[in-house]
Amino acid sequence: MSRRKIRNTAEETLTPPDSLAPGQLIARVVKTNGKDLYTVQAPDSSTFLVELEARFRSTIFVKRGGYVLVDTTTTADRDNKIQGEIVNIVGDEKAWRKKPFWPQQFVKKTVSADTAALGQ
């Protein structure tokens with residue numbers, strides 16, 4: 001994998017789209033299942049299994065607790081447990097949170113000064 005391809009793929013995750021297409025939603029990664037499969041939590045607290053899009057495989061690391069853009073229409077014709085595909089990864093969370101389509105259920109956790117001082 002060339003450095004240019006890795007850099008271009010990483011830059012795609014920094015800028016959020018202007019709007020979401022029908023069938024797309026932002027979800028939080030709950031668990032990595034291996035083989036490019038992830039369990040994600042939708043804004044309505046439902047969890048389902050999604051697959052990482054081929055262009056991100058072996059290029060971008062998706063961490064637990066991070067946010068991803070899932071397209072549920074790409075896997076509608078499959079007869080398996082996979083219910084969506086990760087089409088983008090939230091790289092610059094601050095920019096994504098400013099968009100009107102960001103779910104209100106995913107509020108940013110703030111750390112108070114007391115908790116930070118105690119090291120918890």
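Among contacts in the protein chain between residues at least 6 apart in sequence, what percentage join residues at least 24 apart? The figure is 60%, with a contact taken as heavy atoms within 4.5 Å. The model behind it is a predicted one, in which local features need pLDDT of at least 70 and side-chain atom pairs count only at pLDDT 80 or more, while totals for chains, interfaces and linings use all residues. Residues are numbered from 1 along each chain as its sequence is written, and side-chain values use heavy atoms, with hydrogens and water left out.

On to the overall layout. The protein chain has three helices and five strands, and from the N terminus its elements run α-β-β-β-β-β-α-α. Both kinds of element are DSSP runs numbered from the N terminus: helices are H or I with at least four residues, strands are E with at least two. Of the 120 residues in the protein chain, 34% are buried; buried means under 20% relative accessible area, exposed means over 50%, and partly exposed is what falls in between (1.4 Å probe, protein chains only). The accessible surface of the protein chain comes to about 7900 Å², and carbon and sulfur atoms hold 49% of it; the areas come from the Shrake-Rupley method with a 1.4 Å probe, and for residues only the protein chains shown count as cover.

Now the interior. In soluble globular proteins, nonpolar side chains tend to be buried together. The largest nonpolar core here has 15 residues, and Tyr-38, Val-40, Val-68 and Ile-89 touch the most other members. Such a core is a set of buried Ala, Val, Leu, Ile, Met, Phe, Trp, Tyr and Cys residues joined through side-chain atoms within 4.5 Å. At least two of its residues come from each of β1, β2, β3, β4 and β5 (82–89), and β3 gives the largest share, three residues. Apart from this core lies another, of nine residues, among them Ile-26, Tyr-67, Trp-102 and Phe-106. Val-68, for its part, has contacts that include Leu-25, Val-40, Val-62 and Ile-89.

Strand β3 also holds Val-50, which is buried at 0% relative accessibility. Val-50 and Ile-82 sit 32 residues apart in sequence, yet their C-alpha atoms are 5.3 Å apart in space. Leaving aside neighbours within four places in sequence, the contacts of Val-50 include Asp-36, Tyr-38, Val-70 and Ile-86.

As for charged pairs, the structure holds four salt bridges, each being a side-chain nitrogen of Lys or Arg within 4 Å of a carboxyl oxygen of Asp or Glu. One of them joins Asp-36 and Arg-57 at 3.4 Å, N to O. This pair links distant parts of the chain, 21 residues apart: Asp-36 is in the loop between β1 (24–34) and β2 (37–41), Arg-57 in the loop between β3 (47–52) and β4 (67–71). Asp-36 is partly exposed at 27%, and Arg-57 is partly exposed at 28%.

Another salt bridge pairs Glu-93 with Arg-97, with the closest N and O atoms 2.8 Å apart. Because these two residues are four apart in helix α2 (residues 93–97), about one helical turn separates them. Salt bridges that share partners also join Asp-36, Glu-51 and Arg-57 into one network.

Glu-53, in the loop between β3 and β4, forms a salt bridge with Arg-55 at 2.6 Å between the closest N and O atoms. Arg-55 is partly exposed, with a relative accessible area of 33%. Beyond residues up to four places away in sequence, Glu-53 touches Glu-85, Ile-86 and Val-87.
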